[in-house]
Each structure stands twice: as structure tokens, then as C-alpha cells.
Amino acid sequence: MATGAHLMAASGPRGVSCYLCAHSYDRIRELAEPKTAACANAHRPLFLYSCGRESTIWERPLLVNFGLPSDRLLKLAEPKKCHPAYLQQRLRQSSGWPVSPAAMNYKATPWIQKLAQPKMLHPEFQPAREVPTQVTNVLARSSSRLQCLAGPRVVKASSFYENICPEAVIRPVSKFAQEATASPRTLELAMAKRLHPDFVPMRGAEWPVTQAAKQAVATPRLVELAQPCKRPPMSFAQFNPDAFTVKETAKRAICSPRIKELAQPIKR
């Protein structure tokens, strides 16, 4: 049997090209075959996420197939046991955890004993006063006057003071305040604030005209600038009375053929 090399040598360059084409075609078909999955779950369907990641879809097994948990799982599921010291009957003022003998026999230093002392009260601290009067007869009844005085004062919500006399001041002033004599310092503070020595008051709207200004002669330019601005009245500011008045020149005008053409209405 002749080999591929003998055939190519016998057929020449054309045979060589045909052999290469056939060989490359077989290789392309081999590469086009889908790749077989090497995992053990190749027969299961796949679910593709949005990013193209594959995930094997597992079927939910039946509850009958589940067996009892192992001894190891049961042991791990038990709760953690407490320390034997926690289960002892302890007094309420005792600690919740056992104290080592070394900590119980430890001798505290003077500094630790000083820090362990509770905070003392301030020397000027005064405790709450006791009731000055002890009521002995609880069944005693107060008079109507005491009940009236014990009631709260009703203040009206108003923006003025109620005066007995119309001529009285709005805010009542005590008699001692009226007869008081102010000290020099109070009189000094009561004085109004003075103005600065260089203060110049505002000039009034009218001031006297000098004699030279009265005898001055205005130039034609000043007279022209002194004329008021002529503006139409407000009644005719947005209304033109001559808007519908046809001028005499417009009445004698002759329109061109182009204007007649444009004046015709559009026919639709």
C-alpha cells in the first residue's frame, strides 16, 4: 500500500495541495465537536446566570431517603455545659465566677486600698431638710380664707396691665422707687449718647439760594436741558388713535399687479 508521502511524490504539487486540504478539513471537524464534560455531573442540566456562570441544577431528594443523624451530629447538637462553679448555690452578694486562691490571698497595696474607698461627699454638702412642722391632727379642716389663699393666682393673658385709675401709669412703680435718689454713676449711665464732634447733620430739603445764584444768566444749552421730557399721556401710551386712520397719500396710491396678486385670498 502506498503511503501519503509516496502519493504526494507521484501526483506532484497538485496532489500535495489536495492532501493538505483534506487533512485540514478533518482537523476542523474534529475541533468543531463539543467538548465532553469531565465532571461526574455531566448528565445534569445547567443553569446559566446573567454573567454566564454555570451552576448545576440538583434535584431535591425525597424525604424518605433521609436517614437518622449520626452519633457525631447528635453530640455536636448538644448545648454547651455550664461550669460546675455556676451550678453551686451561691449567695446573692457573691461573685458570679469562681475566684482563684491566689487572688483571695492577695494583699492589696495602700494605693489600691485608697482607690477602693467610696467617693466621699463634699464638705459643704447639706442633706435634705426635714419637715419643719409635724401635722398631728389630720382631721383638721382649713377655713375658707386659707382655701382661697391656697388656690393658684389666675393671670389673664393680655398685653396690657389692668389699672384702677385711667390716669395711672401703665407699669406700676413702687413708692420706694419713686422716692429713690439716683447715684452719680446711675446719672452718668442714664445720659444719652453724645454725637461725634465731627458729625455733620443731614442738609434739609430746602436751603437758601445765594444772591449770586439769583443773578446768574443761564446759557442756551442749560435752557435746553431744563426743558421737561415730553411724553405721551398714560391714556395713549398703549393706544394709537391713528391706527385705523387712512392717510391721504394711501388713498391716492395705486397698487402694483404683484400686490393685487398677493391680496387675493388663498383658495383651498
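This is a predicted model: local features need pLDDT of at least 70, side-chain atom pairs count only at pLDDT 80 or more; totals for chains, interfaces and linings use all residues.

Before anything else, a note to myself on helices: I take them as DSSP runs of H or I with at least four residues, numbered from the N terminus.

**Entry: helix 11.** I went to residues 248-251, and because Lys251 and Glu248 sit three residues apart there, about one helical turn separates them. Their side chains meet in a salt bridge, at 3.7 Å from N to O. Are the two partners buried or exposed? Lys251 is exposed, at 54% relative accessible area. Glu248 comes out at 48%, so I put it down as partly exposed, since exposed needs over 50%.

**Entry: the other pairs I checked.** I searched the whole structure and got five salt bridges. One of them joins Glu224 and Arg221, 3.5 Å from N to O. Both belong to helix 10 (residues 220-225), three residues apart, or about one turn. I noted Glu224 as exposed because its relative accessibility is 52%.

Next I looked at Arg185, which forms a salt bridge with Glu188; their closest N and O atoms are 3.5 Å apart.

**Entry: a greasy spot.** Which residues form a nonpolar patch on the surface? I found Tyr106, Trp111, Ile112 and Leu115, with about 480 Å² of accessible area together. Tyr106 sits in the loop between helix 4 (101-104) and helix 5 (110-116). With 53% relative accessibility, Tyr106 counts as exposed.

Notes:
Residues are numbered from 1 along each chain as its sequence is written. Side-chain values use heavy atoms; hydrogens and water are left out. Patches are made of residues with over 30% relative accessible area and no salt bridge: like charges are joined within 9 Å, nonpolar side chains (Val, Leu, Ile, Met, Phe, Trp, Tyr) within 5 Å. Accessible areas come from the Shrake-Rupley method with a 1.4 Å probe; for residues, only the protein chains shown count as cover. A salt bridge is a side-chain nitrogen of Lys or Arg within 4 Å of a carboxyl oxygen of Asp or Glu. Helices (H or I, at least four residues) and strands (E, at least two) are DSSP runs, numbered from the N terminus. Buried means under 20% relative accessible area, exposed over 50%, partly exposed in between (1.4 Å probe, protein chains only).
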